[in-house]
Amino acid sequence: MWSLVFKEGGVGNIRKRRYEKFSERRFGNFRDAEEMEEGFWTSDGFVPSSDVDSVSTSGPDPNSGWPTELAEQVVELFQAGFIPSKCSYLASLLKTYLKMEVKRITQGCHIPIKHSAEVFAAPGTLKPGEVFFRSSQQCALIDDPAISDNIFRFPIKVPSDARLVKAVDYPQLRVLTDVLLFSVLEERPQASILAGGDYDGDTICMIAEPRLVNTFRNSDLIFADPPAGFKKHLETAVRSGRDVLNIMPSLNEVERTRELQMVLLDTLTREDHCGSYSIMSDIATYIYGYDSIKTHYLSYVHFNELDAAKSGIHVRKDVWRKDLQEFRYLDQPACMRKPEAKRQRRDRKQLHLQKQEPERPQDLGIFVFDVLSPFAKHQEERYIRLIERLEVDATADCDPALLAPLRSADRRASVLRDEGQRGMWNELEHLKAFVKMNRESWANLFLPKRPIPTSIPGSQLTRTGSQDLSPSPPQDFFDLPKAVQIQGKRGISDEFWNKFQYQLKHFDEDEARRVMCSYAYHHAGEKAQAARGRGGKGSFEYAFNVAFKTLAELKGRAHGGLSSTCVEPFHDLMVPRRGVLNEGRT
């Protein structure tokens with residue numbers, strides 16, 4: 001289970017990215033922005049590449065060592081020696097993880113095709129219309145070293161992004177493996193037809209599956225170029241250095257600074273319409289068809305906006321407003337739409353953004369995602385119901401190894417108190433009272449809170465502002481952004497480790513920490529038992545959030561060894577080794 005969660009939960013991927021960020025800051029090994037993926041899946045869902053410095057890649061809690069990402073939490077608990085049958089919290093985390101895995105598989109599903117590969121494109125001396133490919137090794141997806149026929153390049157927004165080609169086998173070219181060779185003798189490079197590709201490192205997908213290839217027909221090459229008159233919808237925001245220098249002599253110092261700021265920050269100040277046009281093209285594909293004039297136009301506006309930051313060529317503002325007006329009340333088709341978070345749905349409702357579901361005309365036929373999406377949703381609901389019915393026979397009792405420091409301190413303090421020496425007992429009570437107060441702060445995190453009212457700017461003439469007095473519904477903790485949730489939890493952990501001020505005489509610092517962590521675990525167990533008595537579930541989340549490093553150490557010692565959990569940089573570079581797994585089986 002440890003190995004499975006580590007692999008399928010993307011723990012290695014998260015730690016790799018975390019280490020890459022450390023390497024970038026320390027050694028200056030920065031990756032080109034074009035090399036960054038659009039995002040990656042973790043057990044907490046889809047994480048955009050722009051978030052690699054936050055949330056799931058920010059590392060464990062600096063005080064307690066508790067990871068931020070679900071799969072990493074499960075891996076660390078296994079590694080420390082906890083097992084689901086004797087740790088109810090680990091059992092509950094495992095059930096949550098399994099549900100997230102089901103959602104990851106259904107929402108981010110890739111359908112494997114047996115005869116397919118993704119390789120780099122390269123120019124070659126072939127006849128027009130020919131391609132050559134040879135694999136260096138047999139693999140699970142490719143049975144034949146020479147595959148052929150259907151090639152495409154993402155994002156496949158227009159029909160010409162996929163082409164049927166003729167694959168050939170020339171003995172003299174067999175030394176060239178794992179690249180797809182195109183002919184340089186054609187009037188137009190074949191790669192350029194595929195979503196504007198070229199030979200500077202672009203990858204091409206190939207499919208030779210007969211059930212897909214035999215029914216495929218090439219589209220008209222008219223889709224490989226922008227529609228007629230497309231340039232009139234664009235405007236150029238690029239200004240040459242010569243133009244800027246020519247205007248400088250006529251400006252004073254303040255105006256020069258302002259002019260330079262406007263030129264240098266133009267890309268940052270312009271509104272990005274790339275995502276909006278991507279959604280518009282999806283809607284057009286659904287209601288007008290893949291080969292419609294409207295879909296063709298919107299797809300190429302999307303392509304243009306992708307490169308606008310580098311090219312300086314943007315869609316005109318009046319064109320943007322016109323396109324937005326046409327599609328503003330239509331939602332992205334449900335079969336192509338990612339599930340919204342609760343916060344996004346609430347924000348949309350507050351802004352009265354009630355969008356309509358687009359309707360697909362019957363003469364266009366069945367849209368394939370309208371078949372696949374409900375099937376995936378049905379499978380997701382089916383397996384989540386199975387997981388919810390899964391009974392893990394986990395004991396709700398506290399682990400004796402984690403209570404040992406508390407019991408030892410209680411026993412010694414009781415003996416001294418009976419002898420008339422109450423100093424150690426009083427100090428122990430102060431430690432317990434501090435932990436209880438910290439636990440109350442933890443509980444307050446999850447209470448619904450009303451957002452702070454924001455002022456609405458008034459007229460520039462009156463220079464006054466009015467308060468938005470309309471009542472806002474209380475905001476649930478789990479509706480907050482993930483980074484805000486983590487920040488709140490880490491604030492509680494920081495208070496636990498750094499805010500205790502009472503002077504101790506009978507406990508040294510290390511023993512006091514162990515006793516506090518042990519009591520945090522005991523107190524969390526009391527709260528969980530009380531919650532179960534009221535029909536709730538209860539949780540040990542608080543104890544592991546603030547004291548995981550010490551609890552893992554106690555558990556490791558109880559097993560006759562020391563826990564290596566949360567020791568960086570070893571923590572980030574560690575992977576389950578095959579030898580360890582084999583030893584565990586014996």
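Where is the place of H430? In this predicted model, H430 is in helix α17, which covers residues 423–445.

View 1. H430 has a relative accessible area of 35%. Because this value falls between the limits of 20% for buried and 50% for exposed, H430 is described as partly exposed.

**View 2. Surroundings of H430.** The side chain of H430 comes to 2.9 Å from the backbone oxygen of N426. Beyond its neighbours within four places in sequence, H430 touches F500 and Y502. Y502 is 72 residues away from H430 along the chain, yet their C-alpha atoms are separated by 7.6 Å.

**View 3. The largest nonpolar core.** In soluble globular proteins, nonpolar side chains tend to be buried together. Here the largest nonpolar core contains 55 residues, and L77, F496, Y542 and F544 have the most contacts inside it. Helices giving two or more residues to this core include α1 (2–8), α3 (70–80), α4 (88–107) and α16 (400–418). Also among them are α17, α18 (482–498), α19 (509–533) and α20 (541–558). The largest contribution, nine residues, is from α20.

**View 4. Contacts of L77.** Which residues is L77 in contact with, leaving aside its neighbours within four places in sequence? They are W66, F82, Y89, L90, L93, F544 and F548.

Definitions and conventions: Residues numbered from 1 in each chain as written. Predicted model: local features only at pLDDT ≥ 70, side-chain atom pairs only at ≥ 80, totals over all residues. Heavy atoms only, no water. Helix = DSSP H or I, 4+ residues; strand = E, 2+ residues; numbered from the N terminus. Buried < 20%, exposed > 50% of the residue type's maximum accessible area, 1.4 Å probe, protein only. Contact = heavy atoms within 4.5 Å. Polar contact = N/O pair within 3.5 Å; in protein donor to acceptor, adjacent residues only side chain to side chain. Core = buried A, V, L, I, M, F, W, Y, C linked by side-chain atoms within 4.5 Å.
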